[in-house]
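Morning, everyone. Please bring up the model and keep it on screen while I talk.

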Amino acid sequence: LNQIQKALEAYLELKRSNFPRFYFLSNDELLEILANAMNLPAIQKHMKKCFDNIYKLYAGEDPKSTSITAMISGEGEKVEFNKLVSIRSGDIEHWLNQVQEQMRDTISRRMKEGRNDIELTERKKWVLQHHGQVVATVAQLSWCATTEFFLDQMKENPNSLAEWFQINFMQLGQLTELVREALDPIKHKIVVALITQDVHARDIIETLTNENVNYKMDFQWQQQLRYYWDESPEKDKENIYVLQINARLKYGYEYMGATSRLVVTPLTDRCWITITGALNIKLGAAPAGPAGTGKTESTKDLAKALGMLCVVFNCSEQIEHRMMARLFSGLAQQGAWSCL
């Protein structure tokens, strides 16, 4: 029995090292997946443990279909892949790696489309044309670039930030009108999440105006979570970077669906500065405080903002060193975050 157990552990370890997200599943769950490698409906229920918000892989209406064409989030938002993924192409870990690649590639491409459209379309219409994650991130990119543009104008026109504040105020008004219309539930969620972000953005502009900030290297601006589009010379390889003070983090392109976002308070901001600063010098962060004050939620929301997979792991009395080793092994190989 011991020999069988050891052989099984070694076999599962091999599968896990080929697809690191398997480290976040228990042995029983992984065995169930491996036993049903060709049976997509049987695997579906474990997807949400491997990915942040892929609840289902869509392979068309035909139950016998073997080509995955899209991913569906917990809220029911459906995103079509750029290329089909066939579940007949080798072992399950191989095609799941292709699914992961397609997820990142698709989100990256949708971001590009969203960015091209935001300059051409009216914002109210643009919000309803794109997926939730694209709307949230591209809106941040656009807002950040415009704010810096207005900050640069301050020398010639001392009122430029006040004008930008008025524009932000007007855009929020448009979104509130939009929320009152009869939208389908997913679009409604997208707009609500964007309003949460926009209110915070408006508050930042207000603070900058009141503090008489007039250039973009000012600490009041540097301490914000800022999004930049990095156009590298390679074709199609454009990355989003998120900067805060001197931390520079690459966007993770993990699919988030049409999720809700936290209301950002000054304390949340301070917590995020600590976390991004720690990550920048390759350390972990340990927010401390009483239970139920939002330590985990703040960390998870920052992970959403950076497009990272965040695994929440409850450390109870029954956890032994093997389970921790498995979790850390997965985190290191996947590059995911974790709340312990």
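**Aromatic pairs and a helix packing**

Rings of Phe, Tyr and Trp (its six-membered ring) pair if their centres lie within 6.5 Å; on that rule there are seven aromatic pairs. F165 and F169 make a tilted one, with 6.2 Å centre to centre and 35 degrees between the planes. Planes under 30 degrees apart count as stacked, over 60 as edge-to-face, the rest as tilted.

A word on sources. This is a predicted model: local features need pLDDT of at least 70, side-chain atom pairs need 80 or more, and totals for chains, interfaces and linings use all residues. Numbering starts from 1 along each chain as its sequence is written, and side-chain values use heavy atoms, without hydrogens and water.

Both F165 and F169 sit in helix α7, four residues apart, about one turn. Helices here are DSSP runs (H or I, at least four residues), numbered from the N terminus. Buried or partly exposed? F165 is at 17% relative accessibility, so F165 counts as buried. F169 is at 47%, so F169 counts as partly exposed. The cut-offs: buried is under 20% relative accessible area, exposed over 50%, partly exposed in between (1.4 Å probe, protein chains only).

Now the packing. Helix α7 (residues 160-180) meets helix α8 (residues 185-210) at about 160 degrees, axes 9 Å apart. Axes are lines fitted to C-alpha atoms over the stretch in contact, and angles run from 0 to 180 degrees between N-to-C directions. α7 and α8 are therefore roughly antiparallel, a label for angles over 145 degrees.

Past the end of α8, N212 has a positive phi of about 55 degrees.

Technical notes:
Helix = DSSP H or I, 4+ residues; strand = E, 2+ residues; numbered from the N terminus. Parallel < 35°, antiparallel > 145°, perpendicular 65-115°, else oblique.
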